[in-house]
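This report describes a structural model through its loops, helices, cores and ring pairs. The sequence and the structure are shown below.

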Amino acid sequence: MKSQSQNHKTKMTPKFPSEPLCTKASCFFCTMNEPSPSLRKSKISKFFKDLPLRNDQEQVLALSSLWNIAMKQPNDPEFPSLGIFECMAKLINKGINDRKWLLSDQNIYIPYYAAHIIGSYTMNKAQFAEKALKSGVVLPLMELMRGKITWVEQRVAVRALGHMASHDKIVESIIALKHEVKIVELAMKTATTCLKRVYDEFIGLEKSKRLKYHSDLITRGLGGLEVESRKAEEWGSQLQCWSLNLLNCFVSKESCLGLICKREFLIQVCGIWGGLANPNSPGGIGLLKAVCQTKFGRQSVANSQEVIERLCNLSRSSDNWKLMAIDCLLLLLKDPETRVRVVEISVVYLVDLVEMRRPKLGDRITQTLLQDYHKIKYGDLRLGSKKAERALEETWDLKVERKKKEKLMSKQEIRERKSLVGKLKKQGNMSFRAGNIEKAVIEYSKALDLCPLKMRRERVVVYSNRAQCYLLMKNPEAAISDTTRALCLSSGEARVHGKSLWRRSQAYEMQGLARESLMDCLEFVNGRRLKSEQGKDGRIPYYAARMISKQFSATWMYNIPEDFSFSGKPTVVEEKFTERRRKVKRERRIEEGVIVNAKAR
């Protein structure tokens, strides 16, 4: 049976051929096909004014089409100039305040599409964001951030506010409206609780218990249960990282910085990362770098040993964002007020990075570490840690004293040293094969002391061999130090030293640092894959595949501690579906009870 829209076809050439045409004055698709530009604008403007007042199935179809247009043409000024933001704000408010309307027909999709449309149009153009702000979209989006419907709407609300706040003028306007503190508090809560919520409301549920409209939005009808779950994990990670991005927009404001720099929150932020589902997001390290750009922020970070140690571990990893961690540590060390509190921990880690071949980074680290070393070497300044003092002394010897000595060496002396280093390396290898690990460490250490700094490849191998000894001696910290030095020396080669990556992965696994272990192991496997593309033996070893599987499980973002408390109240949608589930369970119990009684008879 043909629909009413199909019974009233027009002779106009359709702009959207897949959409049916009709002569209804309020039809969105006919309005879009209007050939007269002036008449088309007036019809679209009227449509946006009338849409929140209507209650028919075409609302969802129109919102879906508007969503597609906004995604494909976010810089087109037509709809923003005709009142789309006022329309979307009213639809979100209607969904939040009118429970009966929200749960009827397919209206449950409307707040999601409305918030998504706002975010798409405000993504690139500051003038669109200003119009959205003046149209009153901020308060409805904040209500969605509170979780008034579900986490799915919360995600697109955070996205929209993040896009708006990325424009400086909008941040100032939000502060003028005195919304910034509440937005920051909501973003902080979302960043720390959203994974728990996504797991409880979707990922941790059986297929039959998941909200159907969530499944429809997540997969668009494509893929089975596995695809649906994987996509939901990605959405949860996006929600968390977009919350941090929103905080990043307010971190330079005095009224917000004190909230963000709370010690408990900074510790939680250290553990937030985009994961493999969202690798393009810097996660918590991006926010920490923004915090370290401010004086108050540096003081707050320096007061937390947990945060400093997390930055140090990240700086010596294969993580894509390790350079941000190094930048954070350098900012803390350059500030005289925070250097005293940070240097004793960080120098022990950064000393392994002073030979990084990335342009000038190794030299920057060296200069920062040694900026007041003369006070220790020639003056009365002393650190509280002898280990930290030895690390500074080692840095001075490696980057200053040895360079001077080797410049004065004759070619004959350098050749003799090369020969002696080769002999010591062979002796170390023989001791290692004989099971005399301690002796091998001594011989490798002598080789490293004598090896000219320019013999980078030899030093890579010796550092890596000594790291293997430390692994067998159950000394993971020393193994991480040596493998990191080997990787810094080999970073300019066609490919990094695979054995060092694998050994550091093992050492991190021994320390219980699953994320660092996983990233090193993945980099190791990637190197093997590149070898196979070059026609070499690039098979992935079983032990590496096993390590990846183990660390995947350990670093899964939805490993929520059992004592984690989530104080969010159920939303109107969740209440309705919870009632339905209880009703089904009661009916099943009654049926089972009848069956049991029948059998008893």
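## Loop residues with positive phi

Asp-105 is exposed, with a relative accessible area of 60%; exposed means over 50% relative accessible area, buried under 20% and partly exposed in between, with a 1.4 Å probe and protein chains only. Asp-105 is found in the loop between H7 and H8 and has a positive phi of about 50° although it is not a glycine. Most residues other than glycine have a negative phi. Lys-178, in the loop between helix H12 (168-176) and H13, also is not a glycine and has a positive phi, of about 60°. Lys-178 counts as exposed at 72% relative accessibility.

The model is predicted: local features need pLDDT of at least 70 and side-chain atom pairs count only at pLDDT 80 or more, while totals for chains, interfaces and linings use all residues. Residues are numbered from 1 along each chain as its sequence is written, and side-chain values use heavy atoms, with hydrogens and water left out.

## Overall composition

The protein chain has 33 helices and 0 strands; these are DSSP runs numbered from the N terminus, of H or I over at least four residues for helices and of E over at least two for strands. Of its 601 residues, 52% count as buried. The chain exposes about 30,100 Å², and carbon and sulfur atoms supply 52% of that area, as computed by the Shrake-Rupley method with a 1.4 Å probe, where for residues only the protein chains shown count as cover. Among contacts (heavy atoms within 4.5 Å) between residues at least 6 apart in sequence, 69% join residues at least 24 apart.

## Nonpolar cores

A nonpolar core is a set of buried Ala, Val, Leu, Ile, Met, Phe, Trp, Tyr and Cys residues joined through side-chain atoms within 4.5 Å. The largest such core has 141 residues, and those with the most contacts inside it are Met-88, Leu-141, Phe-250, Val-301, Leu-311 and Ile-365. Helix H13 (residues 180-203) supplies the largest share of this core, 11 residues. A second, separate core has 24 residues, including Ala-447, Cys-451, Leu-471 and Tyr-508. In soluble globular proteins, nonpolar side chains tend to be buried together.

Beyond residues up to four places away in sequence, Leu-141 touches Ile-92, Ala-115, Ile-118, Ala-157, Ala-160, Leu-161 and Met-164. Leu-288 lies in helix H18 and is buried, with a relative accessible area of 2%. Leaving aside neighbours within four places in sequence, the contacts of Leu-288 include Leu-266, Val-301, Val-307, Leu-311 and Cys-328. Leu-288 and Val-307 are 19 residues apart in sequence and 9.3 Å apart in space, C-alpha to C-alpha.

In H21, the buried residues are Ala-325, Ile-326, Asp-327, Cys-328, Leu-329, Leu-330, Leu-332 and Leu-333. Their cover includes helix H18 (284-292), helix H19 (295-302), helix H20 (305-315), helix H22 (336-350) and helix H23 (361-369). In H29, 14 of the 15 residues are buried, so this helix is largely enclosed by the rest of the structure.

Ser-464 lies in helix H28 (residues 456-472) and is buried, with a relative accessible area of 0%. A polar contact of 3.0 Å joins the side chains of Ser-464 and Ser-500; the term denotes a pair of N or O atoms within 3.5 Å, where within protein one must be able to donate a hydrogen and the other to accept it, and residues adjacent in sequence count only if both atoms are side-chain atoms. Not counting residues up to four places away in sequence, Ser-464 touches Ala-486, His-497, Lys-499, Ser-500 and Arg-503.

## Aromatic pairs

A search of the whole structure finds 16 aromatic pairs. Rings of Phe, Tyr and Trp (its six-membered ring) pair if their centres lie within 6.5 Å, and planes under 30 degrees apart count as stacked, over 60 as edge-to-face and the rest as tilted. Tyr-109 and Tyr-213 form an edge-to-face pair, 5.8 Å centre to centre with 80° between the planes. Both residues of this pair, Tyr-109 and Tyr-213, are buried.

The rings of Trp-151 and Phe-202 have their centres 6.2 Å apart and their planes at 65°, so this pair is edge-to-face. Trp-151 in helix H11 (residues 151-165) and Phe-202 in helix H13 are 51 residues apart, and their pair links distant parts of the chain. Ring pairs also link Trp-67, Tyr-112, Tyr-113, Trp-151, Phe-202 and Trp-235 into a cluster.
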